[in-house]
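Here's a quick tour for anyone opening this structure for the first time. Have a look at the sequence and the model, then read on.

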Amino acid sequence: MKPVICTFCNSEIYTYDGPEPVELKAAHFKPTRPGWAAPKAGDPMYCPVCGSRFVGVSVQNKQLRMVVSSEYAGSGNVGKL
């Protein structure tokens, strides 16, 4: 299982519970909070916290970081400890 992080707001939004190499299938993504809807096959991917639209994924250090669309400039939180 890998945490799935939004690179815009740095929130942990899903847990990836699928095979390696990573398969971007809705069934492999489980929400980290009960109030968030699970992704459905064919739906566009977006962050349930900030609403940023995802255009890709980056596998980094046992986590998945969702790449946001270029229409979002970034929150400034990415990379800060």
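Let's start with Asp17, which sits in the loop between β2 and β3; strands here are DSSP runs (E, at least two residues), numbered from the N terminus. Keep in mind that this is a predicted model: local features need pLDDT of at least 70, side-chain atom pairs count only at pLDDT 80 or more, and totals for chains, interfaces and linings use all residues. Residues are numbered from 1 along each chain as its sequence is written, and side-chain values use heavy atoms, with hydrogens and water left out.

**Around Asp17**
- Asp17 has a relative accessible area of 44%, so it counts as partly exposed (buried is under 20%, exposed over 50%, partly exposed in between, with a 1.4 Å probe and protein chains only).
- Leaving out residues up to four places away in sequence, Asp17 touches Met1 and His28 (contact means heavy atoms within 4.5 Å).
- Lys2 is 15 residues from Asp17 in sequence, yet their C-alpha atoms are 6.9 Å apart in space.

**Aromatic rings**
- The model has 2 aromatic pairs, counting rings of Phe, Tyr and Trp (its six-membered ring) with centres within 6.5 Å; planes under 30 degrees apart are stacked, over 60 edge-to-face, and the rest tilted.
- One of them is Tyr14 with Phe29, edge-to-face at 6.1 Å centre to centre and 80 degrees between the planes.
- Tyr14 belongs to strand β2 (residues 12–16) and Phe29 to strand β3 (residues 29–31), so this pair ties together parts 15 residues apart in sequence.
- Tyr16 also pairs edge-to-face with Phe29, at 5.5 Å centre to centre and 65 degrees between the planes.
- Since Tyr16 is in strand β2 and Phe29 in strand β3, that pair links parts 13 residues apart in sequence.
- Together, Tyr14, Tyr16 and Phe29 make up one aromatic cluster.
- Are Tyr14 and Phe29 buried or exposed? Both are buried, and Tyr16, at 1% relative accessibility, counts as buried too.

**The nonpolar core**
- In soluble globular proteins, nonpolar side chains tend to be buried together.
- Here the largest nonpolar core has 13 residues, and Val4, Cys6, Ile13, Phe29, Cys47 and Phe54 have the most contacts inside it (such a core is a set of buried Ala, Val, Leu, Ile, Met, Phe, Trp, Tyr and Cys residues joined through side-chain atoms within 4.5 Å).
- Strands β1 (2–6), β2 and β5 (63–68) each supply at least two residues of this core.
- Setting aside neighbours within four places in sequence, Ile13 has contacts that include Val4, Cys6, Trp36, Cys47 and Phe54.

Technical notes: Helices (H or I, at least four residues) and strands (E, at least two) are DSSP runs, numbered from the N terminus.
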